[in-house]
Amino acid sequence: MFQRLPDIRGDALSFTIDGKAAQARAGETVASALLLAGVETCRTTPVSGAPRAPYCLMGVCFECLVTIDGRGNQQGCLVTVQDGMRVETQIGRGKRELGR
Amino acid sequence: MTGADVLVIGGGLHGCSAALHLALKGVAVTLVEKDYVGRHASGVNAGGVRRLGRALPEIPLSVASMELWRRIEELTDDDCGFESHGQIKIAESEEDLAKCRARRAAVMEAGFAHEEIIGQDELRALAPAVSDHCVGGLISRGDGAALPFRTVQAFRNKAARLGTRIIEGVAVRGVARSGGIWTATLADGRRLQAPVVVNSAGAWADRFAAAVGEPVPLEAVAPMLMITERRAPFLTPVVGAMSRTLSFKQFPNGTTLIGGGYLGRADPDRNVAAVDVRALAENARTVRDLFPVMRDAQIVRAWAGIEARTPDGLPVIGPSATEPGLLHSFGYSLHGFQLGPIVGSLLAELIVHGRTNLPIEPFSIARFAAGRPA
Amino acid sequence: MIELGQVAHLDASYDLVVIGAGPAGLACAAQASAGGARTLLVDENAAPGGQIYRSVGATPLRARRDILGADYWTGEELASSFAASGAAYLAGATVWQVSPEREIGLSKDGSARLIDARHVVMATGALERPFPIPGWTQPGVMTAGAAQILLKTAGATATGRVVLAGSGPLLWLIAAQSLAAGRSFSAILDTTPKANWTAALAHLPSFLASPYLAKGLKLLRRVRREIAVVSGVTALEAEGDGRLERVRYVAGGETRTIGADHLFLHQGVTPNVNMASAAGCELVWDDLQLCWRPKADAWGRTSVPGIAVAGDGAGIAGAEAAALRGSLAALDALDALGLLPGDEKTRRAAPLRKTLARYDRGRGFLDALYRPAKSFRTADGDTIACRCEEVTGGQIRAAVADLHVAGPNQLKSFLRCGMGPCQGRLCGLTVSETIADARGVSPADVGYYRLRSPVKPITLAEIATLDQTEADVKAVARG
């Protein structure tokens, strides 16, 4: 788990993770917001279906790929979370696919 | 100085195929490649194994080559990633369909029946994600695709196992013939001798041809390819289009490959090819128009390989017109991959038996001789 | 600074395009703009600072300046100098192409654009060196740098049993920052090879005279006082069933296992060379730092005319040196653009070079001491080398042995190694070094992935609309 330090302040905002309501602070990235909401595994690999979590948080590893507002395979660590944003994990082979 | 029966210059698919077929006939071959085998066009093309849409003079070779592709594992001990799910040229309009019918008639006239017309229903059954405006197409059902670099490497490795000496990372600086023997000088100073030379040096082949007094107006070009992220399976045949240049396919792993001969910048002197994204824009538009599901697909890679193109778009295959003991195999003009197996085989026949039953006159280098129209 | 909201607001061309808003890029853009160059700074992140000064203007830790330490806050000055400059700034954008002709392709929010630059400075910074150990792809394992980014950007730390493993100055800094934030670690597993001390001692005199020593000792003392440090770790494994549960390690010949909820890995940083390489800049293998870096002269000029590199992307030298190298690149750009009279460039560079030399002094010691062991740089057996395509070290070695695969580019066709979405960014070094190890040659003989644009993924629709005029786009929108 990850937690904000107790004296951290910031504007709260709401977004959804796989349709469920979640909270974040303004300025956080989608990947950070997922980790802080307790969602660690953000996708499974297309090769073996193994679970993956954000790894580098700096745009290099592409492990934090998620679907954001309907657009698939976005690097969660490079997108700032917005109020009302719809984030979907990419768990389950073939989930993020054709027609999106 | 070391000798061999045949010296092959250039380790593209054609050079490796010639080496393999010669080795199968017990000929001692040395193949010299300036980079590594399959470095340029042979290793980085779209991998189309296609009879569909070929220039009429190429069809007999292409049809014969397809027989070899069908038993490629027997030939090379590797499946080369070859899969046969057909190739289709999509018709986007009634005009396109008329072109399809005319083409089929011409192919039938030449004595071949592998190209067939399909209507909208069959097109949709074969390529469910195709755009609604597409009305049918031309199909060659036995065609398919293979993995280019893997294929070249398979030919190389089998040739090597049969005793071919393969020298990679060293360029041939020049060849000269004296007393019926060719001597090739390598960049590292080594000299190799052989009574027969095969010039399969791709975009660099014109330099060797010019050196023996038969210049060829070869243009070095750099066809580009793009590859996307994985998508859910939606396409098994390889598709092109009647009125646009395209080669589009999906691999079993879900990634898609987009090509069609859009050109980047080739620099054969520096041995580099650069991608030109502006030229790829039209290629991307074609895919977007024909397969709207691809709109938000992410391109993860694009690349270009150096390839040689002749003015008439036909390759140069067969004996030199000026020097005995020299055979050419180059200038495949962006569509030589499928011909690789058969041309290697017919060169081996020419070298060992002095003849081939396949019609190779249209590919003679003599067509570029001074005074003859190109 | 003029912040641009979208690619449509970009000019068709700039005198200078600087890529990356870390210390090198910020210093370069501010200085070039002040010198009269029409300058654009493009950055992938939402705010200036790069990774070292990540979120320096926006971190939620503004009220707790002690946590990140004084060095971090020096980034404020760089960011504010840049903010006060006249340079254009495009944040949250992806540069997916720099051609040798300096045509730059970039995207933001799904729109792509091509612009031209008379001069380019790539300040693409560093990446953490890949750390291929068994189990490193499991959730629960991330880079120590990632943990630090969470702290800087969200004021967040890991809870539960946290193990920090690896080697290098940043490892100790991260440990100290966590302690300052009131969060400790279960253990630090130090993988620095003990034999490195011998090699490092040769560089000791210059290190003693460098600015790093005092800082380093303070950090080490603080961390060692509060966290159990296991030295001489020679093997590491992240164990678990779908998620990290334990860390198994070998130290002093003994194997031990500790329970862990998080494992943070770090073994130094290496230059981020993908963009330079794709632009055609020649790379060289640096055998001391064990990485590829663009071949560059003292101004950062690469083998491609008009393209320079600055900062850690040109070779690891740290944040302070990065800013200085950014300034030097700016002077060279101004000179090339005809905006500096006579030998003004050399005159103004002299004091910068003097300071730079001070920072260079300690580098040899750090490089020698923190040179990671080969066993942690290469992959073997079932250990994954290419995370995207799940290619193992064993598969790479088998391809070398059985298929005569000589380098990383040939490997792609057989194993898809490096062909996933990260485009070989993460695995490039591991793959080059593993092939080199299997062949018994230097990575210099094996080479690196041949990279071409797009160096970052771009959608088909973005490419499709690239060379269309505004009228075309409108027609499509109407149709």
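This is a predicted model: local features need pLDDT of at least 70, side-chain atom pairs count only at pLDDT 80 or more; totals for chains, interfaces and linings use all residues.
Student: Let's begin where chain C meets chain B. What is the area buried between chain C and chain B?

Tutor: Happy to start there! The contact takes in 34 residues of chain C and 34 residues of chain B. Carbon and sulfur atoms give 55% of the buried area. The area itself is about 3,100 Å².

Student: Which residues in chain C lose the most area to chain B?

Tutor: Three residues stand out, and together they make up 22% of what the chain C side buries. They are Arg452(C), Leu460(C) and Ile463(C).

Student: Which helix of chain C gives the most to the side that touches chain B?

Tutor: The elements that give two or more residues to this side are strand 5 (94-98), helix 15 (408-415), strand 24 (458-459) and helix 18 (460-464) of chain C. The residues of that side divide into 15 nonpolar, ten polar and nine charged. With five residues, the most comes from helix 15 of chain C.

Student: And strand 24 of chain C: which residue of chain B stands opposite Ile458(C)?

Tutor: Strand 24 of chain C pairs with strand 20 (residues 298-304) of chain B. The sense is antiparallel, over two bridges. Opposite Ile458(C) stands Ile299(B).

Student: Now let's look inside chain C. How far apart do the C-alpha centres of domain 1 and domain 2 lie?

Tutor: Domain 1 of chain C covers 2-127 + 270-340, and domain 2 covers 130-267 + 365-369. Their contact takes 17 residues from domain 1 and twelve residues from domain 2. Between the C-alpha centres of the two domains the distance is 29 Å.

Student: Which residue meets Glu320(C) in a salt bridge?

Tutor: The interface of domain 1 and domain 2 of chain C has two salt bridges, and it buries about 1,300 Å². The one with Glu320(C) has an N to O distance of 3.3 Å.

Student: Last one: which helix gives the largest share of the domain 1 side that touches domain 2?

Tutor: Two elements of chain C give two or more residues to that side, namely helix 2 (65-68) and helix 3 (70-83). The largest share, three residues, comes from helix 2 of chain C.

Definitions and conventions: Residues are numbered from 1 along each chain as its sequence is written. Chains are lettered from A and ligands numbered from 1 in the order in which they are written. Side-chain values use heavy atoms; hydrogens and water are left out. Contact means heavy atoms within 4.5 Å. Buried area is the accessible area (1.4 Å probe) that two parts lose on being put together, summed over both. Helices (H or I, at least four residues) and strands (E, at least two) are DSSP runs, numbered from the N terminus. Ala, Val, Leu, Ile, Met, Phe, Trp, Tyr, Cys and Pro count as nonpolar, Asp, Glu, Lys and Arg as charged, and the others, Gly among them, as polar. Two strands pair if DSSP finds at least two bridges between them. Domain bounds come from an automatic or database domain assignment. A salt bridge is a side-chain nitrogen of Lys or Arg within 4 Å of a carboxyl oxygen of Asp or Glu.
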